[in-house]
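Let's take a walk through this protein together, one piece at a time.

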There are 4 protein chains.
Amino acid sequence: MAGRPFLQIPGPSIVPERVVRAMSQSLIDHRGPTFAALLREVLHGLKALFRTAEGHILLFPGSGTGGWECCIVNTLSPGDQVLGCVNGYFSDLFCRTATSHGIDVQRLEVEYGTGVPADAIEERLQRDKDHRFKAVLIVQTETSTGVTSSLAAVRKAMDAAAHPALLLADVVSSLGCTDLRFDEWKLDVALTAAQKGLMLPPGMALLAVSEKALEANRSARCARSFWDWQAVLESNADGHFPYTPATALLFGLRESLKMLSEEGLENVFYRHARLADACRKGIEAMTLKLFARDPAEYSNTLTAVSMPEGFDSDLFINHTLTLVDLPLGKGLGKVKGKLFRIGHLGSINELELLGVLGGIEMALKSFGVKLPLGAGLAAAETYLLETADKRLPL
Amino acid sequence: MAGRPFLQIPGPSIVPERVVRAMSQSLIDHRGPTFAALLREVLHGLKALFRTAEGHILLFPGSGTGGWECCIVNTLSPGDQVLGCVNGYFSDLFCRTATSHGIDVQRLEVEYGTGVPADAIEERLQRDKDHRFKAVLIVQTETSTGVTSSLAAVRKAMDAAAHPALLLADVVSSLGCTDLRFDEWKLDVALTAAQKGLMLPPGMALLAVSEKALEANRSARCARSFWDWQAVLESNADGHFPYTPATALLFGLRESLKMLSEEGLENVFYRHARLADACRKGIEAMTLKLFARDPAEYSNTLTAVSMPEGFDSDLFINHTLTLVDLPLGKGLGKVKGKLFRIGHLGSINELELLGVLGGIEMALKSFGVKLPLGAGLAAAETYLLETADKRLPL
Amino acid sequence: MAGRPFLQIPGPSIVPERVVRAMSQSLIDHRGPTFAALLREVLHGLKALFRTAEGHILLFPGSGTGGWECCIVNTLSPGDQVLGCVNGYFSDLFCRTATSHGIDVQRLEVEYGTGVPADAIEERLQRDKDHRFKAVLIVQTETSTGVTSSLAAVRKAMDAAAHPALLLADVVSSLGCTDLRFDEWKLDVALTAAQKGLMLPPGMALLAVSEKALEANRSARCARSFWDWQAVLESNADGHFPYTPATALLFGLRESLKMLSEEGLENVFYRHARLADACRKGIEAMTLKLFARDPAEYSNTLTAVSMPEGFDSDLFINHTLTLVDLPLGKGLGKVKGKLFRIGHLGSINELELLGVLGGIEMALKSFGVKLPLGAGLAAAETYLLETADKRLPL
Amino acid sequence: MAGRPFLQIPGPSIVPERVVRAMSQSLIDHRGPTFAALLREVLHGLKALFRTAEGHILLFPGSGTGGWECCIVNTLSPGDQVLGCVNGYFSDLFCRTATSHGIDVQRLEVEYGTGVPADAIEERLQRDKDHRFKAVLIVQTETSTGVTSSLAAVRKAMDAAAHPALLLADVVSSLGCTDLRFDEWKLDVALTAAQKGLMLPPGMALLAVSEKALEANRSARCARSFWDWQAVLESNADGHFPYTPATALLFGLRESLKMLSEEGLENVFYRHARLADACRKGIEAMTLKLFARDPAEYSNTLTAVSMPEGFDSDLFINHTLTLVDLPLGKGLGKVKGKLFRIGHLGSINELELLGVLGGIEMALKSFGVKLPLGAGLAAAETYLLETADKRLPL
């Protein structure tokens, strides 16, 4: 196909060429001094990204789903009870991962399209007088619905309940796109993957873990070998890993951290928020409905769009791919066929977003959805112009 | 900057990643057998692209301007008279190149924005009873105005006048974008450069030359060494060059020829024509005026847009660059400040074009030009949908 | 540093530029049709490489150590007894991985530097009248010692004992370097990683599993989620994965499989064997001793060299790195300080090997080891010339 | 072929991966502000490399042969007399280029294999009482023979003769490999190409020109357009070029200049000299003879080796390519079949050089030349160890 491909699934996104180039360097000895320096640089940069001074960073070849398993088997024991917040497909899978390892997951079911209400968590924790809940499991940005829950509010709720449970957060689709404050919010585990805000190809699970989580790790009895934190921390102290690390991804990670740092985290978040808003203005001007209910919970990373009555979103996504080579995210699990998702994360700019909105307009029109061509683009353009100074709002 | 850069000058355009990758191969011995095979493949592919069975292909590290010099010094002698068709900045420079080498250029001045009228050429040649004109110099697509002249008509005019002059054509901005038939139109030299329809980085001049041009070459007395055809043809016969060739560009050229061949030349031309039309529909819906007068002469490669009264196009281009990082082509020579040019050549797709049009809309609006946001995009989208089956028109 | 870096650890090795280029392609939707085609192609190629018609291929972002865990948790249950063959650092770790998951590992301890004797396995299995051993764990090529055990002989031994245990083989350092016949040798699991004979950057675990292993999988009760085979097989049937796959590595894998197939597996193995032999001729001519005892067990992948009496191999390796930027593999575990290891796997040619041997000679000499400079190289050159027709021996 | 290719012709050499990566960046507008900054940086770096404060740098898409033409047509007029120093194939071609443009070249013929004797130049200039010689043409490093002439001595000779001729030097194979002092030696033109010490793919001619040369340029009457200096200098002052520049090569040039600067020019020259010496020690230990006569004139860039009596070097080069995929340089012109040339320029390290020498030993042996295998390598290793501290000699 002519031109550059678009990839508007909610991660991975198109890897920036600086990162692609960084990853193409000749491999180095993963037990040598050059590698040790690379590791130090990467861990340092990740601590800044997670906003943690006291946390530890753990890296594994893997994926976000591997990050779930890594989080669970290192902090819990079979039979432990946890509170699992479920407001979408991925939070459901996070909880199922725990179940697979023998954890007793008490589910806090939340309607898809809304964030996890902190007061509901507080209420459940207040009721847990014996502190049987060893952990709260939550996803910051539900990639299946485009909803971001407030981890700050969750922390406040846990403090209000004076509950000692670990706070285990999936920040896969939020880290690098949305504000995250590991230390301030007293997270115990924040787990993510390479292919979202870090702008890398998939293939790595990354975790920040607190001292309290490390404490829990010492007594956690879930069987583990590959994912074991202690082995990694010990090896890392000597500049290497207990497994052969994904060196090329680490080269890329160094570069992407450098890019985020050069731009400035606040600017990165604002850029994401601004493009996300422009996308939503466009979608609404196309007379479509957002799947997320509460504007305060709209995600910086992706926008889930409800398919108009009478149309199947899976068929629409195939149509869009055929018409303009634009891959979009499908509705997953119980919203299959009901929504499509637009990724606007990582390295993307205004003109690319306009191209994406244009492609969606064209695809909707030719799919039979009634809409005024150009209206979505006009709305997005108008918003982008209004906010065109690109500076942070004061 | 986040996202992928746009580069909408009328060449070079963004090099497709297949070509970038091909160019990154390890260099090879430019006098060895692997190189000879590469050269054969490239020459073969270029002959197909120029649509010549009998012509010879000549490659030089250089540029389009180098191609002009190469064409002139190989076919003419100081004092020779030629008919130089001038309908824009680049055709003017082509003629000036001839003048620099002592050629007596009789200029056929044509209003900028229009193609070279074949009947005017015929008239001039008819008057030249003694056949003092050794050559006709013409540019197929004037990159400064976005106008494509009909070489087929020029050939017909020359035949009608039964004039033996060489037909020396600059096809820099047209080859690979627009139909060109070297043999059928009896061109004597067709010269181009790497960074247009061939989708390569700049750095190479490419010429197709006829037997008649080679005949002229034998008696041409312009001083030459680097550009000398005979040395290249002799070396090429042995699989190498008399100079160190730009091997990396040849790797890239092999890949871009493969891409053009895979897509099919007719499809390549139609894709260019379709996107060019969509661009113009969009521009006109923004209430702007095209600089080219005659729709039959609209270029597949670029669109020159007249700046609305009261606005300076140079300032507008700077504004567009600042606002949305979108480089456009300036007005050159006597249209400086009066127009901007949009390149839509090489490897570009619909969504990218929509992004470009969106960027231009936003830039115009914020520059103070009155226009309805979204109208240009709607017009382009409508046209693209109408022609969305992407097949060749019957 | 000037020039191209050398990386003679026993994997990863320098990634061939074809693979580097393939990996730099733009990412694609891992749930789309293009990905499904990529997956099919890769699975097909891997089956040919493993020489299996009936086995299933399973891919995970991970490492060889992840492959161990994946193998164990999918086939066994806590409390199961297995026979673990230990003849080096990595076979020891393979067994420890099983232990971590509650498996009762009965160790068959073999002297480091020798292969696993099939008759000892047969004897242990014969004694196990009740068939308490659910599996035999073995490493084909022990990366810590440069010894290759005969899996064919092990299979024969198991058949002789008529024992139903699963045969679980680590082929990390052998696949793509040494003959492997999954079906013929009735392996149940053969696990490997990306960064050895597959010539990729690290980051992927790959397994071939038999129908019998899948059968065992259904009743295996080790906790698992990420590594679960069933989820992968089901998703793969639809052309995707239950996790976000490492798409860039899959692009690279497609290319490396293509390279292996173009060269022909027999040629690939012979090339490895020939360079390995040349390396060993050179090392012996330097008056050093190989760590592996039996020439029949010499590895195609790496050569472990005993450090001469009175010298510490860790210090020597640092010296070599400082002197000529040549990273070598250290002695691991109980041979720490006693040997160094030379990787000669993947994409390496004769001149590179000579450079490596030259660097080792220079480093030894300047480290104080008495040896005649040039002797090692002469021996390697002589052998390479004797075998220079590069064809397979008849 | 497995492994990384070797390319030991005397340029181009293997491009360092840093440069390859730099060249793969997305193209930018060659008339925009980012380009202007790139140009400034590159011109600044080149001035440091040429060691000129007062000279001007001129860049053209082209080759070394283009650099010759550019030098001639900008400084001379048809009929001008020059003194052309000819001590090899390329100095001969340099002079022939001048002849092609109507220059009257008085040749100072020097035996191939020796440098240009400064006293002979002085003698010729002393005799030229009327100062009819407008210029002296000389090649610093004759790529056909591996001989470096002393430009410092030539300048001294010209000063001794108090002759006002321009000093026009081809530094194609020496710049970046060997000391060059444009200002100190009062060179008027020093011309080079991308693919030698600058470690780039071929495709660019680079010139440093003095004020005196610019003065000559104003009255020089050779016809020129593409190569015209004035147009370039005027455009460069505004941050662009009068032709479409080879932007990708400029990206690469910025990186290679950065690499040279990071290493330090003195270190770069010493590294070249040391590897060149090691190569020659190796060759002589193979009982072969160097073509260059005087050790003081041995080139840092390449070594020309006389083929032993009774053997044809062209056949030997083919044999080496077939046997070990090692391309070497052929004997050119009147030494065709009589010598082969080993390039050891640009980005190359000790282990690569040992590999090259090993390949040559093997090829010689199997070609029938009597030599003790390993002797050449031992000599090179010995020398490299003796000089292994890699620091500059005090």
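What rotation superposes chain A on chain B? The answer is a rotation of 180°, with 0.0 Å of shift along its axis and an RMSD of 0.0 Å. That relation is the one a two-fold axis gives. The copies were superposed by least squares on the C-alpha atoms of residues with pLDDT of at least 70 in both. If you'd like to find the axis on screen, look for G355(A): in chain A, its C-alpha is the nearest to the axis, 2.2 Å from it. The same surface serves both copies, as 100% of the contact residues of chain A recur in chain B; contact here means heavy atoms within 4.5 Å.

A bit of housekeeping before we go on. This is a predicted model, in which local features need pLDDT of at least 70 and side-chain atom pairs count only at pLDDT 80 or more, while totals for chains, interfaces and linings use all residues. Residues are numbered from 1 along each chain as its sequence is written, chains are lettered from A and ligands numbered from 1 in the order in which they are written, and side-chain values use heavy atoms, leaving out hydrogens and water.

Now zoom in on chain A by itself. It splits into domain 1 (17–261) and domain 2 (264–386), with bounds that come from an automatic or database domain assignment. The C-alpha centres of these two domains of chain A are 28 Å apart. Where they touch, domain 1 of chain A puts in 30 residues and domain 2 of chain A puts in 25.

How much area do domain 1 and domain 2 of chain A bury between them? It's about 2,200 Å², with 59% of that on carbon and sulfur atoms. Buried area is the accessible area (1.4 Å probe) that two parts lose on being put together, summed over both.

Two salt bridges link the domains of chain A, each being a side-chain nitrogen of Lys or Arg within 4 Å of a carboxyl oxygen of Asp or Glu. Helices (H or I, at least four residues) and strands (E, at least two) are DSSP runs, numbered from the N terminus.

How many salt bridges cross the interface of chain C and chain A? The rule finds zero.

Finally, some backbone details. G11(B) and P12(B) are joined by a cis peptide bond with omega about 0°, and P12(B) lies in the segment before α1 (17–23) of chain B. A cis peptide bond also joins G11(C) and P12(C), with omega about -5°. Over in chain A, D325(A) has a positive phi of about 55° although it is not a glycine; you'll find D325(A) in the loop between α11 (313–324) and β12 (339–343) of chain A.
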